[in-house]
Amino acid sequence: MPAPLDLGLRFIVEPSGSSLSADERKLLRELRPAGIMLRRRNFRQDASYPDWLAEYGKLLADVRAAIGRERIMVSVDHEGGQVHRFPAPITRFPYPAFYARELNAVEAVAGAMGRELASLGINVSFSPTADIHSNPANPVINQRAFGTTTAEVCPAVVAFARALRSTGITPCAKHFPGHGDTAVDSHLALPSLRLTVAELEQRELQPFAALIRDKIELVMSAHIELAQVDPGVPATLSRKIMTGLLREKLGFSGVTIADAMGMKGLGDVLAARAASVQAHEAGIDLMLMVGDSVSLADAAAAKLSLADYAAGANSGQMAELERAQRRIEALLAILGQHACSQLSSDVLAAHAKLAQALSLNSQWAKFDFNPVGFT
């Protein structure tokens with residue numbers, strides 16, 4: 001007999017500040033999500049290290065208590081450059097483009113990042129970026145990518161994921177099926193690519209295939225249209241892409257997660273509350289219900305949409321709901337559950353020295369890049 005559906009497990013949400021409000025506690029108790037994602041707003045940016053760490057540690061404890069589940073996902077976007085959420089003295093490493101050609105540097109950065117993330121009780125980093133920066137006009141990927149060719153990106157993302165995993169942090173490949181050739185920022189609108197499946201296989205899909213062969217645990221979707229594959233449908237909502245390409249063609253058996261469902265690339269097509277059913281049917285397991293335009297209340301409403309869908313599901317649809325839940329439960333079972341702890345000044349000084357050396361010695365050192373949505 002299969003376990004009853006626990007539809008709250010399908011969501012990752014974010015607290016609105018550095019402490020939980022009474023309404024947030026209530027919504028977390030009702031929703032019981034798989035976990036949370038952190039942003040700058042969840043940390044006291046103006047406080048000393050001991051002070052902000054203590055307040056943040058209480059936030060995590062309160063989140064766990066409200067959810068009522070000891071094993072949760074504590075996730076963050078952490079790539080370096082402007083994709084950095086934490087106050088000092090957590091190290092701000094440069095973007096991957098600064099160091100990606102040297103695999104020993106890739107491993108050193110991922111190892112240092114992982115050690116710092118684990119000290120913050122985090123167990124999932126939404127990295128590495130597996131996109132190939134093949135379009136110089138790309139306004140959102142650019143230096144976040146590990147290179148401009150498959151030969152550069154594939155070994156670097158695998159090395160990064162392995163080193164991150166060695167510190168107890170679970171990596172996540174993004175943004176499937178590849179955001180690097182777009183000329184539009186999916187935070188602002190829906191980008192479109194006219195690449196065929198054969199063309200995708202030659203370039204965009206290769207880093208994901210390499211990571212899948214290396215047993216990557218999580219893959220994040222992109223809110224982009226593949227006009228030659230599924231016209232008019234964002235990849236996040238496309239069964240041809242998230243199931244046909246990712247699971248059936250590339251053989252991915254882990255957990256899929258939608259990129260932030262408040263982004264315009266998805267919101268221009270469907271409201272975040274209603275998109276959960278379409279995303280599930282496409283092959284998405286976890287809904288990243290975060291961003292300035294969505295809230296915990298939206299996640300609760302999306303859960304009700306999934307519940308209505310489950311109530312009328314046929315046997316095949318119910319089996320897919322159950323498989324998604326089992327994948328999420330299996331992921332939660334292996335996630336490290338790290339305690340918050342203050343890192344020594346020696347460790348932080350060594351990490352800062354590494355970050356400075358990589359920044360100064362890079363061809364990108366004088367190149368200004370500040371994508372929308374990451375400050």
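**Exercise 1.** Where does Gly 114 sit, and is Gly 114 buried or exposed?

*Solution.* 
- Locate the residue. Gly 114 belongs to helix α3, residues 103-119. The model is a predicted one.
- Check the accessible area. The relative value for Gly 114 is 0%. Buried means under 20%, so Gly 114 is buried.
- List contacts beyond four places in sequence. Gly 114 touches Leu 164, Thr 167 and Ile 169.
- Ile 169 lies 55 residues from Gly 114 along the chain, and their C-alpha atoms are 5.9 Å apart.

**Exercise 2.** How are helices α1 and α2 oriented to each other, and which residues make the contact?

*Solution.* 
- Start with the axes. Those of α1 (residues 22-31) and α2 (residues 49-67) come within 7 Å. They cross at roughly 45 degrees.
- Classify the angle. Under 35 degrees would count as roughly parallel, and 65 to 115 as roughly perpendicular. The pair α1 and α2 is therefore oblique.
- Name the residues. α1 supplies Arg 25, Leu 28 and Arg 29. α2 supplies Lys 58, Asp 62, Val 63, Ala 66 and Ile 67.
- The contact of α1 with α2 has four nonpolar residues, four charged and no polar.

**Exercise 3.** Which loop holds Leu 237, and is Leu 237 buried or exposed?

*Solution.* 
- Leu 237 is in the loop that runs between β8 (225-226) and α7 (239-249).
- Apply the cut-off. Leu 237 has a relative accessible area of 12%. With buried set at under 20%, Leu 237 is therefore buried.

Methods. Residues numbered from 1 in each chain as written. Predicted model: local features only at pLDDT ≥ 70, side-chain atom pairs only at ≥ 80, totals over all residues. Heavy atoms only, no water. Axes fitted to C-alpha atoms, helices over the stretch in contact; angles between N-to-C directions. Helix = DSSP H or I, 4+ residues; strand = E, 2+ residues; numbered from the N terminus. Parallel < 35°, antiparallel > 145°, perpendicular 65-115°, else oblique. Contact = heavy atoms within 4.5 Å. Nonpolar A, V, L, I, M, F, W, Y, C, P; charged D, E, K, R; others polar. Buried < 20%, exposed > 50% of the residue type's maximum accessible area, 1.4 Å probe, protein only.
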